[in-house]
Amino acid sequence: MTNPVVLVATMVAKPGQEELIEQTLTAAAAKVHAEPGCLRYALHRKAGTTGEFVMIEKWASREALGAHMKGAAMREIGAALAQALAGAPDMVFLDAIPAGDPDVGAV
């Protein structure tokens, strides 16, 4: 059995590009949710900011995440945001340490 992969990606908008980033990522959500192996793809904004976005993702396997990264939705996102981000997204991969109730003890 493969372990799910959790990814937290933080993106910072260039000034004036906040709305474009939010609209692009929210518009892509339905496509990404339909991708094989997508268990979670949820956009957040860092509290108290307008231009710091955090995407929390969970994929059934590294293979599913790899397919997502090469897929049509990511190509569209990349093209739309190429000039809107202040830098490359900061991507943090997490290994779960489940504890307690399995439904709430891990992402």
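Reply:
**Helix α3 and its surroundings**

Ala-73, Ile-77 and Leu-81 are the buried residues of α3. Buried means under 20% relative accessible area, exposed means over 50%, and partly exposed lies in between (1.4 Å probe, protein chains only). Down the axis of α3, the buried residues fall within an arc of 50 degrees, so they line one face of the helix. The arc is that of the directions from the helix axis to the C-beta atoms. Helices (H or I, at least four residues) and strands (E, at least two) are DSSP runs, numbered from the N terminus.

This is a predicted model: local features need pLDDT of at least 70, side-chain atom pairs count only at pLDDT 80 or more, and totals for chains, interfaces and linings use all residues. Residues are numbered from 1 along each chain as its sequence is written, and side-chain values use heavy atoms, with hydrogens and water left out.

The other side of α3 carries exposed Arg-75 and Ala-79. The cover over the buried residues of α3 includes α1 and β2.

The term requires a side-chain nitrogen of Lys or Arg within 4 Å of a carboxyl oxygen of Asp or Glu. Lys-31 sits in α1 and Glu-76 in α3, so the pair ties together parts 45 residues apart in sequence. Both ends are partly exposed: Lys-31 at 46% relative accessibility, Glu-76 at 42%.

The whole structure holds three salt bridges. Glu-22 pairs with Arg-45, with the closest N and O atoms 2.2 Å apart. That pair links distant parts of the chain, Glu-22 in helix α1 and Arg-45 in strand β2, 23 residues apart. Glu-22 is partly exposed at 33%, and Arg-45 is partly exposed at 37%. There is also the bridge between Lys-46 and Glu-52, where the closest N and O atoms are 3.7 Å apart. Lys-46 is partly exposed, with a relative accessible area of 45%. Glu-52 counts as partly exposed at 25%.

Now the helix α2 (residues 62–70). Its buried residues are Ala-64, Leu-65 and His-68. They cover an arc of only 100 degrees around the axis, which puts them on the same side of α2. The face turned away from that buried side carries exposed Arg-62, Glu-63, Ala-67 and Lys-70. The buried residues of α2 pack against α3 (72–81), and also against β1 (5–12), α1 (18–33), β2 (38–45), β3 (52–59) and β4.

Next, the strands. Two strands pair if DSSP finds at least two bridges between them. β2 and β3 run antiparallel and are joined by seven bridges. In this pairing, Leu-43 stands opposite Met-55 in β3. β2 and β3 form a hairpin with six residues between them, and Gly-48 in the turn has a positive phi of about 85 degrees. β1 also runs antiparallel to β3, through eight bridges. There, Val-5 stands opposite Trp-59. β1 and β4 are antiparallel too, with five bridges. Ala-9 has Met-91 in β4 as its bridge partner.

Val-8 is a residue of β1. Beyond its neighbours within four places in sequence, Val-8 is in contact (heavy atoms within 4.5 Å) with Val-54, Met-55, Asp-90, Met-91, Val-92 and Leu-94. Val-8 and Lys-58 lie 50 residues apart in sequence, yet 8.8 Å apart in space, C-alpha to C-alpha.

Last, the surface. Met-69, Met-91 and Phe-93 make a nonpolar patch of about 270 Å². Patches are made of residues with over 30% relative accessible area and no salt bridge; like charges are joined within 9 Å, nonpolar side chains (Val, Leu, Ile, Met, Phe, Trp, Tyr) within 5 Å. Accessible areas come from the Shrake-Rupley method with a 1.4 Å probe, and for residues only the protein chains shown count as cover. Phe-93 lies in β4 (residues 90–94) and counts as partly exposed, at 42% relative accessibility.
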